[in-house]
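Please open the structure in your viewer and keep the selection tool at hand. The stops below say what to select next and what is there.

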Amino acid sequence: MSISTAAPSTPVLADLVCAVREIVRLERPPAEAARLVAGRIEGFLAQPDLLPAEYREGAPDRYRQHLVHTEDDGSFSVVALVWQPGQQTPIHDHVAWCVAGVYEGAETERRYELRGEGVTARLVAADDAINNAGTACGFAPPGDIHLVRNSGTSTVISIHVYGAHIGKLGTSIRREYHLPVADE
Ligand SMILES: [Fe+2]
């Protein structure tokens, strides 16, 4: 497993990548890998010098993704996401396990259940979570349909880790869901 060094980094970020690598090398089942990585990166989220300035830059029209690291063997990727107030993802799920850790501000996450099929297919909101700075959560497909939003009034910065090669795929999103949202 070789180390990609092309992206800008900081010593703390390099340590975070090493910490994730140690866990991924254990080759645990996806949900367990996500849980372990989430627990491991929380300590890094309190480090004020975690991210270089370029990874803190947002965009006025949509949330911005900075690709921080892709492991050369494709086993995991790290991105920094910058969200201005009101910016959000579409409702989506992922190709692989995912960990979301909040560095600044608070990320709002809404999870959905997919019910019915064909013309009756719909989404029902199942759970709302507010993920505060310094906390991380991890999950694995299937059943990971969700959206993430900055519901606050200031910039949110988060670190997401995916068990996939985002450099090649361009995104960790498996599918966007454009279905009616119903009460049940
Ligand atoms: Fe997501």
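A nonpolar core is a set of buried Ala, Val, Leu, Ile, Met, Phe, Trp, Tyr and Cys residues joined through C-beta atoms within 7 Å, where buried stands for 20 or more other C-beta atoms within 10 Å of a residue's own, exposed for 12 or fewer and partly exposed for what lies in between, with C-beta atoms placed from the backbone. This is a predicted model, in which local features need pLDDT of at least 70 and side-chain atom pairs count only at pLDDT 80 or more, while totals for chains, interfaces and linings use all residues. Residues are numbered from 1 along each chain as its sequence is written.

Begin with the largest nonpolar core, which has 40 residues, and select Val20, Val37, Ile41, Ala80, Val99 and Val161, the ones with the most contacts inside it.

Next, select Val20 by itself: leaving aside residues up to four places away in sequence, Val20 touches Val37, Arg40, Ile41, Phe76, Val78 and Val161, a contact being two residues whose C-beta atoms, placed from the backbone, lie within 7 Å.

Then select residues 11-24, helix H1, and residues 30-41, helix H2, whose axes come within 10 Å and cross at roughly 155 degrees; the axes are lines fitted to C-alpha atoms over the stretch in contact, and angles run from 0 to 180 degrees between N-to-C directions. Helices are DSSP runs of H or I with at least four residues, and strands are runs of E with at least two, numbered from the N terminus. On the H1 side the contact is made by Leu16, Ala19, Val20, Ile23 and Val24, and on the H2 side by Ala33, Leu36, Val37, Arg40 and Ile41.

Finally, select Pro142, which lies in the loop between strands E7 and E8 (146-149), and which is exposed, with 9 other C-beta atoms within 10 Å.
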